[in-house]
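Try each task before reading its solution.

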Amino acid sequence: MYKYLLALCALCLSLPLVVSGAPLPPDSVYRLPPLMLVDQQGQSFALDSLAGQPRLIGMFYGSCHMVCPLEIDTVKKIQQQIVRAGGKPIPVLLVSFDSRHDQLSDLRQLAREHHITAPLFQLTRVTQGDVGLLGGVLGISWRALPDGGFVHNAVLTLLDDQGRILARQDAQNPPQAEFIQAILAQQNSAR
Amino acid sequence: MRALCWLWVLLLSSAAMAGASYVALPGGRFVSALAGNRGQAQALTIAPFAMRVEPVTIAEFEQFLARNPYWARDRIPQLLASADYLKDWASPLRAGAALPASAPVTQVSWFAARAYCASEDAHLPSWYQWEYAAAADTRRADARDDDARNQMILSATLQSTGHAPGPVEQDPANVYGLHNLAGLVWEWVDDYGAMFPRPDARDPGQGNSLALCGGSALAFHDRGQYALMMRVAILSTLKPSDSTASLGFRCVRTIGE
């Protein structure tokens, strides 16, 4: 039985990932090895299941008191500017790089504190797979500090519906005009 | 006593894994040559860990690819490897006769190095773990004050530059039983992108010639460690998808978790 399961897995891995019939492009983030996530509502999903619409993606850790609240604030300001310019709020995925400490209850509390609701704005932790690979492709690095904190950078990345990286901005800066334009352009081309 | 038991279990389990040999390092207080966030010396506590005796070899990486063809150069997603990835190999799964099987595997991205280590139930070392292991020589756990030894490492590093690395384990083991921590290859570390050799170098791969030509000295409080500075400077110029002919890796395991 085990042998058949292995064979099935091997077959699945050898098949190209597809979104609505078309294979994902070679530079898609959704082509990373499988990453399972759970959001603040306890919803489990695979990263590649998010293919199909443009999305903002970033990373954080729950006990961060400086950069991470700023990152969430930047996301909210981006949404406001998009709506003001005639667009619609874009789905956002923030992934914790501290799965060890950021449990579901922490995500829930953080979402409550910052008035964040899924599925439009998902705060997630990794339950299976290597979160470091995601950080690497998004240009996000972190190093644990002895006090439990991290030295890290904060980057927001715009993915198109296929998972290609279209634009990035430092999450510690206010919304950048080029970044907003890139999001609006994606929404317009999808219409 | 409990830690000793763990070490023993770890050594036994590593011996049982095909080919992969790890030794336990006791850890303890360690002052990194890399300056802290405010430019001062950093006294750290390194937890006990186990490290691979030598860098991962070409033969070992071939075995990994046979089991995990996702990481072969003809299949690996574009985001996880540059055009240089394993480019000197004769075919996607075989290095070929021109590359010695017992030499360290190079031309691998940070992503692939991570995946390899995970396949050994291990991970890439942090910079501090690597630096701590490399501070030893054949007699002392911390030989960094020895100018002659530092000069020797620097000479070996400069001599090996531009040459394809030879077989592993041709040097005498250090006090922990580790080989090739100097002079053979550069090595990926897990947190290489977050070492910030310059205060503003927070984007991996965005390093420039200043970093390569000595700007990283600014991030060292111990400026006698030239070979170490070169290592940090080179790592800081890389993106995780990059690979070079002189960059390999080894893995570590956590003890006691």
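**Exercise 1.** Find which strands helix α4 of chain B lies across, and at what angle it runs to β4(B).

*Solution.* Start with residues 127-134 of chain B, which form α4. This helix lies across β1, β4 and β7 of chain B. Helices (H or I, at least four residues) and strands (E, at least two) are DSSP runs, numbered from the N terminus. Next, take the angle: α4 runs at about 75 degrees to β4(B), with axes fitted to C-alpha atoms, for helices over the stretch in contact (heavy atoms within 4.5 Å), and angles from 0 to 180 degrees between N-to-C directions.

The model is predicted: local features need pLDDT of at least 70 and side-chain atom pairs 80 or more, while totals for chains, interfaces and linings use all residues. Residues are numbered from 1 along each chain as its sequence is written, chains are lettered from A and ligands numbered from 1 in the order written, and side-chain values use heavy atoms, without hydrogens and water.

**Exercise 2.** Work out the strand order of this sheet and its edges.

*Solution.* The order is β1-β4-β7 in chain B, an open, antiparallel sheet of three strands. Its edges are β1 (22-25) and β7 (252-254) of chain B, each pairing on one side only; pairing takes at least two DSSP bridges between two strands. Neighbouring strands here are turned by 25 degrees against each other on average, direction ignored.

**Exercise 3.** Count the bridges from β1(B) to β4(B), and name the partner of Ala24(B).

*Solution.* Four bridges join β1(B) to β4 (residues 49-52) of chain B. Within β4(B), Ala24(B) has Ala50(B) as its bridge partner.
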